[in-house]
Amino acid sequence: MTRSPDPPIAGIDKRRLAILLSGRGSNFEAIADAVSSGRIPDAEIVAVISDVAAAPGLGRARQRGLPAFAGDRAEFRSRADRERRILAILDEARPDVICLAGYMRLLSPAFVARYAGRILNIHPALLPKFPGLDAQRQALEAGEAESGCTVHVVDESTDSGPILLQKRVSILPGDTVETLSARILEQEHEAYPEAIARFLAERPPTG
Ligand code: GRF
């Protein structure tokens, strides 16, 4: 017998997720699907924010009727301007957790401190191996037998911070950056919702 998700308890607010993205948005969609299906229980997406106005992920957020915010060039000229604007949106949205989902900008230490311990990221490698750009290519070029993805809490350094969950994939003979990236991405779509659900469950609402 399948069991439908528990209804939210009256008087208890849903957990509020904000998403930051710069591109395709497939991890955002996996998170949004998990919220809709109750795999991330008692949660809602309160803001989808992009530093790239034309990011496909933002269009997908709008199609789902979610609050989507795109920076325009003037507002997002410098990191200080960009972060001031994003923090203003987040202050309004009051997220419990901020999920970086292919957000291609480094966050300043001040931004990270403002939401310390509540910013999550997904990276397409088994951290601490292969942080930074082109993680799949790095794993291939290093001759690894396996790679995968990591969901972690964001700290002030790039792709570092406490690891919440990893999923592994074998690297197969003949793998290219494209084939390996596609197999890792499938695992990312499982890992991120699972990690968010676990993170929220272990961190009861404060309000
Ligand atoms: C993913 O590979 C993620 O691990 C990395 O950026 C990519 C974003 O893909 N941080 P998408 O925009 O979620 O499809």
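A polar contact is a pair of N or O atoms within 3.5 Å; within protein, one atom must be able to donate a hydrogen and the other to accept it, and residues adjacent in sequence count only if both atoms are side-chain atoms. Keep that in mind for the first stop. The model on your screen is predicted, so local features need pLDDT of at least 70 and side-chain atom pairs count only at pLDDT 80 or more, while totals for chains, interfaces and linings use all residues. Residues are numbered from 1 along each chain as its sequence is written, and side-chain values use heavy atoms, with hydrogens and water left out.

**Stop 1: H152**

Select H152, which you will find in strand β6 (residues 146-153). Helices (H or I, at least four residues) and strands (E, at least two) are DSSP runs, numbered from the N terminus. Is H152 buried or exposed? H152 counts as buried because its relative accessibility is 1%; buried means under 20% relative accessible area, exposed over 50%, and partly exposed in between (1.4 Å probe, protein chains only).

Now show S160: the H152 side chain reaches the backbone oxygen of S160 at 2.9 Å. Not counting residues up to four places away in sequence, H152 also touches others, including I119, L127, P162 and L164 (contact means heavy atoms within 4.5 Å).

**Stop 2**

Next come the salt bridges, each a side-chain nitrogen of Lys or Arg within 4 Å of a carboxyl oxygen of Asp or Glu. By this rule the model has 13 of them.

Select R16 and E44, whose closest N and O atoms are 3.6 Å apart in a salt bridge. This pair links distant parts of the chain, with R16 in strand β1 (residues 15-21) and E44 in strand β2 (residues 43-50), 28 residues apart. R16 is buried at 18% relative accessibility, whereas E44 is partly exposed at 30%.

**Stop 3: D33 and R64**

Move on to D33 and R64, which meet in a salt bridge of 2.9 Å, N to O. D33 lies in helix α1 (residues 26-37) and R64 in the loop between α2 (56-63) and β3 (68-70), so the pair ties together parts that are 31 residues apart in sequence.

**Stop 4: R105 and D51**

Finally, select R105 and D51, where a salt bridge spans 2.8 Å, N to O. Why does this pair tie together parts of the chain? R105 sits in the loop between β4 (97-100) and α4 (109-114), and D51 in the loop between β2 and α2, so the parts being joined are 54 residues apart in sequence. D51 is buried at 10% relative accessibility, while R105 is partly exposed at 35%.
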